[in-house]
Amino acid sequence: MKRRDLAIMYFPDKTPDQAVRNLRRWIENCPDLVAALKEIGMPRKHKKDLTARQVRIIMEYLGDP
């Protein structure tokens with residue numbers, strides 16, 4: 001899944017760029033989520049694709065969009 005698509009699911013009222021920034025902030029402000037993503041290989045800041053496993057972990061910590 002594209003990082004942008006996931007961000008838009010969480011922030012449908014924002015522009016795509018704003019949604020990505022907001023999602024990044026949410027992730028960075030959740031230390032347990034950051035730790036879980038690091039265990040499986042956290043996506044680089046500019047990487048556009050997320051694995052299904054990364055998406056599941058993000059949704060587990062942030063809830064359903």
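**Exercise 1.** Which backbone oxygen does the side chain of Q54 reach, and at what distance?

*Solution.* Start with the setting. This is a predicted model, with local features needing pLDDT of at least 70, side-chain atom pairs counting only at pLDDT 80 or more, and totals for chains, interfaces and linings using all residues. Residues are numbered from 1 along each chain as its sequence is written, and side-chain values use heavy atoms, with hydrogens and water left out.

Step 1: Q54 lies in helix α4. Helices here are DSSP runs of H or I with at least four residues, numbered from the N terminus.

Step 2: check burial. Q54 is buried, at a relative accessible area of 3%. Buried means under 20%, exposed over 50%, and partly exposed in between, with a 1.4 Å probe and protein chains only.

Step 3: find the partner. The side chain of Q54 reaches the backbone oxygen of G41 at 2.9 Å. A polar contact is a pair of N or O atoms within 3.5 Å; within protein, one must be able to donate a hydrogen and the other to accept it, and residues adjacent in sequence count only if both atoms are side-chain atoms.

**Exercise 2.** Describe how α1 and α2 pack.

*Solution.* Two packed helices are described by the angle between their axes and the distance between the axes.

Step 1: read the values. The angle is about 85 degrees, and the axes of α1 and α2 are 8 Å apart. Axes are lines fitted to C-alpha atoms, for helices over the stretch in contact, and angles run from 0 to 180 degrees between N-to-C directions.

Step 2: classify. α1 and α2 are therefore roughly perpendicular to each other, a class that covers 65 to 115 degrees.

Step 3: list the residues. From α1 come R3, R4, L6, A7, I8 and Y10; from α2 come P16, D17, A19, V20, L23 and W26. Contact means heavy atoms within 4.5 Å.

Step 4: sort them. Nine are nonpolar, none is polar and three are charged. Ala, Val, Leu, Ile, Met, Phe, Trp, Tyr, Cys and Pro count as nonpolar, Asp, Glu, Lys and Arg as charged, and the others, Gly among them, as polar.

**Exercise 3.** Which residues of the largest nonpolar core touch the most other members?

*Solution.* Step 1: define the set. A nonpolar core joins buried Ala, Val, Leu, Ile, Met, Phe, Trp, Tyr and Cys residues through side-chain atoms within 4.5 Å.

Step 1: name the residues. The core has 17 residues, and L6, Y10, L23, I27, L33, L37 and I58 touch the most other members. The elements giving two or more residues to this core are α1 (3–10), α2 (16–28), α3 (31–40) and α4 (52–62).

Step 2: follow I27. Beyond four places in sequence, I27 contacts L33, V34, L37, M42, I58 and L62.

Step 3: follow Y10. Y10 lies in helix α1 and is buried, with a relative accessible area of 10%. Leaving out residues up to four places away, Y10 touches L23, W26, I58, M59, L62, G63, D64 and P65.

**Exercise 4.** Is N29 buried or exposed?

*Solution.* Step 1: locate N29. N29 lies in the loop between α2 and α3.

Step 1: read the area. N29 is exposed, at 62% relative accessible area.

Step 2: N22 is in helix α2 and is buried, at 15%.

Conventions: Parallel < 35°, antiparallel > 145°, perpendicular 65-115°, else oblique.
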